[in-house]
Amino acid sequence: MDEGFREAELASTRDVTEMHAVTEREPVSVWLIVLIMILMFGGGMFLWANSGGFEANVYNANAVSWSGAGSGGAAAPPDPMVVGKRVFTRTCAVCHQASGLGVAGQFPPLVGSEWVLSEDWHGDNHIVSIVLDGFQGPVTVKGEAYNNAMAPWGAILKDSEVAAVLTYVRNEWGNEAPAITSEFVAEIRSQHADRRDPWTQAELQSIERVQVDAVAVPAAEAPTAPETAPATDSTPGA
Ligand code: HEC
């Protein structure tokens, strides 16, 4: 009677292939697998590069750097040419123009100016004084006579800003002269702390010229070894 039951069962069973039709799906495309692998690889690379090693401290702004660099390391000093250009554009370009060429008969040029380059009797101390306290009256620049007035900037600009703007002016537009340091500006500022009036050419000429005793040039083009002797008063033929 067992036999009879099985036969009945088989008879009622549908065709085997028909039964398995449901499982006969399309095979997964090889390209889809390749695409998924590429995405996983790419994602892994992205995490590797950008996850910060899954360190919680990566997101902690107050963390002390353990590698020496980063938040705990000393910041690079600002480039005087970059800071100087910003100060110049804001404070000096109105009159001396972005080109440094000035305006004929009104505002003298800074390009090739003996004042800027400290040639002849013009000292580094003199340009610092001009920017700190202002300048007025008859003046000769590159053989041209001017008789106008420049406002003082000492109350507005910090020593470091005066140093940067003068370093910029002395090394832009083809000008080439040693950088002016903040320490030098501070020294000149303290020497004439009581000064209230803008300087005149005659007054400045009566003050002995002092050169900044630094060979430092703007960071961008700093040579590995000093290529020029420190500029001093005793430069022959100056
Ligand atoms: C309001 C216009 C004005 C502004 C702003 C001004 N200057 Fe002057 N500057 C003058 C004038 C005018 C003279 C000449 C003064 C005279 O005739 O006695 C002069 C003279 C000078 C000189 C000496 C002469 C020369 O051409 O080399 C220097 C250096 C100088 N200025 C630098 C600066 C710097 C740096 C700044 C910005 C911090 C500045 N000036 C801002 C008007 C200006």
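1. How many residues lie between β1 and β2 in the hairpin, and which residue in the turn has a positive phi? Two residues separate the strands, and K142 is the one with the positive phi, at about 50 degrees. Note that this is a predicted model.

2. The pairing itself is antiparallel. Strand β1 covers residues 135–141 and strand β2 covers residues 144–150. Seven bridges join them. For a reference point, take P138: its bridge partner in β2 is N147.

3. The make-up of the shell deserves a remark.

4. Now the largest nonpolar core, which has 30 residues. V128, V162, V165, L166 and I180 have the most contacts inside it. At least two residues of this core come from each of α4 (80–91), α6, β1, β2, α7 and α8 (182–191). Helix α7 gives the most, with seven residues. In soluble globular proteins, nonpolar side chains tend to be buried together.

5. Setting aside neighbours within four places in sequence, V162 is in contact with V128, V131, L132, L157 and V185. One of these, V128, is also listed with V162 among the core residues that have the most contacts.

Notes. Residues numbered from 1 in each chain as written. Predicted model: local features only at pLDDT ≥ 70, side-chain atom pairs only at ≥ 80, totals over all residues. Pairing = 2+ DSSP bridges. Helix = DSSP H or I, 4+ residues; strand = E, 2+ residues; numbered from the N terminus. Core = buried A, V, L, I, M, F, W, Y, C linked by C-beta atoms within 7 Å. Buried ≥ 20, exposed ≤ 12 C-beta atoms within 10 Å, placed from the backbone. Contact = placed C-beta atoms within 7 Å.
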